[in-house]
Protein chains: 2
Amino acid sequence: MEHQPVTLTPPLRRAGTLRVMVVDDQPMQRLVVHRALTRLGHQVCEAASGEEALARMEHEAVDLVVSDWIMQGMDGLALCRALRARPGARYVYFILMSSRDKREDMIEGLAAGADDFLRKPVDFDELAVRLHAGQRLLELQAGLEERNRELQAAYQQIQRDVDAAGAFQKSLLPQETFDDGRTRFAWLFLPSRFVSGDALNCFGFDAQRVAFYNFDVAGHGVASAMVAMIVTQMLSPQFSGGIVQAARSASAASPAAVVQSLNARLLEAGIGTSYLTCVFGLLDQRNGSLRLVRAGHTLPVVVLPDGRVHEVAEDGDLPVGLFDDVAYHDIELTLPPGARLCCYTDGVTECEDLQGEPYGLERLKTFLSRTAACPAQDTVREFEAEIRRWAGGDSAELRDDISMLLIEHVGAGAASTVVEVTRA
Amino acid sequence: MEHQPVTLTPPLRRAGTLRVMVVDDQPMQRLVVHRALTRLGHQVCEAASGEEALARMEHEAVDLVVSDWIMQGMDGLALCRALRARPGARYVYFILMSSRDKREDMIEGLAAGADDFLRKPVDFDELAVRLHAGQRLLELQAGLEERNRELQAAYQQIQRDVDAAGAFQKSLLPQETFDDGRTRFAWLFLPSRFVSGDALNCFGFDAQRVAFYNFDVAGHGVASAMVAMIVTQMLSPQFSGGIVQAARSASAASPAAVVQSLNARLLEAGIGTSYLTCVFGLLDQRNGSLRLVRAGHTLPVVVLPDGRVHEVAEDGDLPVGLFDDVAYHDIELTLPPGARLCCYTDGVTECEDLQGEPYGLERLKTFLSRTAACPAQDTVREFEAEIRRWAGGDSAELRDDISMLLIEHVGAGAASTVVEVTRA
């Protein structure tokens, strides 16, 4: 459980030492400037030509260049232009030495990217002052760059941490798809950033029925994700003595009983002001009869094989985890063969395009109608592309967690309408 | 569940426009330079004196100053010095205009903090080129500053998010202290950064006994905190049908049975490669008899009222959540009146000082011995100060989560040694 602490210490480099490269094709000139710079406390290296300077700076870190203007081959101006043209390279402060000090020459030098000029023969006081001016700018930049690196490192560390939590959370999701010949189950789970306050599952409840749920914890971010994971554990079908196991062994197992227990359990657990909206359902695989509770959650939609869509459970109950003694109600309906139920969180319908328009229920129904004949898994995959496109493309961040599940009653036979929608 | 996405877009300001202040006490000179700058596309303002320039720059954002050297009152050099002396202010590029262009003058100007010089009368080509050089540096800086702001914002957003999760996690901790006249309980919980993979609790188990635990999830950060919170829920005493309730109703309730169930539960839950070390114990409040399991956890210590300390449960079991069918064993001992048991995570003993030396068990024992006569709550409070001092002071980050609990058997009577330490 250890980790490396990130230090956000003050950034400015204050060593007062520059790494200076002296470029001159005359050895004596180099030596003179080299000595003067060394006396000023700087680290000095030399290059005998523009070409050599450019080549060495591929490997050597240099803060500042003092270069003669007139040289054989690549002259000081050409060297300066070549340095300025290196993409992504650090800024190098460039001082041109020249016996030319006419206005036109200086303009030419500045246009090439030089920062300053030194008249030859070099006056050491002037050299010192010009270096000082360059150093001030370099230090300002170095400080900003250092601060950038620190912030980047701090951000990346915490991001990696939360990413790992997101991967952990994803590892607890159900198998990507599910098809036992009687029921097909496909789902989509898109956290808005790293972790999600949404959750969903589908699992065998008993010999005849599958259970499924989709919930959405209020709030967002890591705290909501923590609650989502706690609730996922509470609803775990493996947990002997848990909510689902208790419901299984009850004589009249019902979604209402499960949601009622979950409500009590959340209030018992005292997890602060957290609450959630959910759909919990049980589907009888023999005949498509379905009972579900909608607790503050978005409106589920039934999609028939011919593309007709029905909203169900319009008459929903209160969210879970807010109030003691809430009564939850089973809503009963029957899925004809080939029909599918779609549950989703409000991250879907409230997902805004770049103009701020929400995706909305109508668009969702149109999409589900259009894809009614596709395999459930393809529908979900296509919906991911659709909603990402809506939000502004793959690189656009989602403002809210998105999740969706499709439960399809494969069945046999011919019925083609939702048989019944009643509140039990 | 919404949040504002953070954009990490490319930073560089490329508008090509500078906010330039022209400082000159001669109106005609100002006008000429002002027009030239406006033609170059810059935003220009004027000041008729150094004093006015300085005052206006308290409120107006200026990127670059073109100032005459010789002015009544505060001259260009003094203005430059005053600008450079402003603490924390943005860098302003400073060009001195002067008919003086002797070497000594330039040295004086650079020493005052000027970046460049313009000879008077001003040549507009030269002005354009010098502005261009200044602009290049200012843009480089502005880009770095912008990137800094973006990183800072992104870091703060994710930090706030994880901070909120930490606050949520803390809200689930037990009451700060506990004293029912028969048992005293005090604890310490210091997350290394935002959230913790440690947890602890103490609660009434039945009429005679209190239960307590301290665990430490392997790994660190948000994912470990999520597991810690899931396990805390699993061990919740309120959870009817949960592990603790099941143990309560068993005829021979034992810590070993609880830890065994927890192990099975963690493996069932399939929460990846997560595992934890823990101590789980039951203390009989009538006579101080204590049963506990030590599963891979650090060595608990018993502290007698006279300051003698004993390590207990040297012979521990395997961590929880790693292997099926592990047998866990109760260790039995009896606390004499006034004796306390101390459990803690390895963040305590492995906490390093600035030289890298771990705090270690011996120091902990010495501390506990020295504070044996203090109220448990004071001991814990003092220990927080002690371990923070050790880690380098209040501002030093802890490399690992730290938690500790003290369970004191108040009792009556006179026994003064640990009666028995056996492995059941």
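pLDDT is the predictor's confidence in each residue, from 0 to 100. I start there, since this is a predicted model.

**Entry: confidence.** I looked up chain A and found an average pLDDT of 87, with 92% of the residues at 70 or above. Then I turned to residues 1-14 of chain A, where pLDDT stays under 50. The model still has 46 contacts beyond four places in sequence for that stretch.

**Entry: domains.** I checked the domain assignment of chain A, and it gives domain 1 as 19-147 and domain 2 as 172-423. I noted 67 Å between the C-alpha centres of these two domains of chain A.

**Entry: the two chains together.** How much area do chain B and chain A bury between them? I read about 7700 Å², with 62% of it on carbon and sulfur atoms. Chain B brings 85 residues to the contact and chain A brings 84 residues. I looked for salt bridges between chain B and chain A and the count was 0. Polar contact between chain B and chain A comes to 7 residue pairs, both residues at pLDDT 80 or more.

**Entry: cores.** Which residues touch the most other members of the largest nonpolar core? I found A:Phe215 and B:Phe215, in a core of 92 residues. Another core, of 38 residues, lies apart from the largest one, and I spotted A:Val20, A:Leu138, B:Met97 and B:Leu138 among its members.

Notes
Residues are numbered from 1 along each chain as its sequence is written. Chains are lettered from A and ligands numbered from 1 in the order in which they are written. This is a predicted model: local features need pLDDT of at least 70, side-chain atom pairs count only at pLDDT 80 or more; totals for chains, interfaces and linings use all residues. Side-chain values use heavy atoms; hydrogens and water are left out. A nonpolar core is a set of buried Ala, Val, Leu, Ile, Met, Phe, Trp, Tyr and Cys residues joined through side-chain atoms within 4.5 Å. Buried means under 20% relative accessible area, exposed over 50%, partly exposed in between (1.4 Å probe, protein chains only). Domain bounds come from an automatic or database domain assignment. Contact means heavy atoms within 4.5 Å. Buried area is the accessible area (1.4 Å probe) that two parts lose on being put together, summed over both. A salt bridge is a side-chain nitrogen of Lys or Arg within 4 Å of a carboxyl oxygen of Asp or Glu. A polar contact is a pair of N or O atoms within 3.5 Å; within protein, one must be able to donate a hydrogen and the other to accept it, and residues adjacent in sequence count only if both atoms are side-chain atoms.
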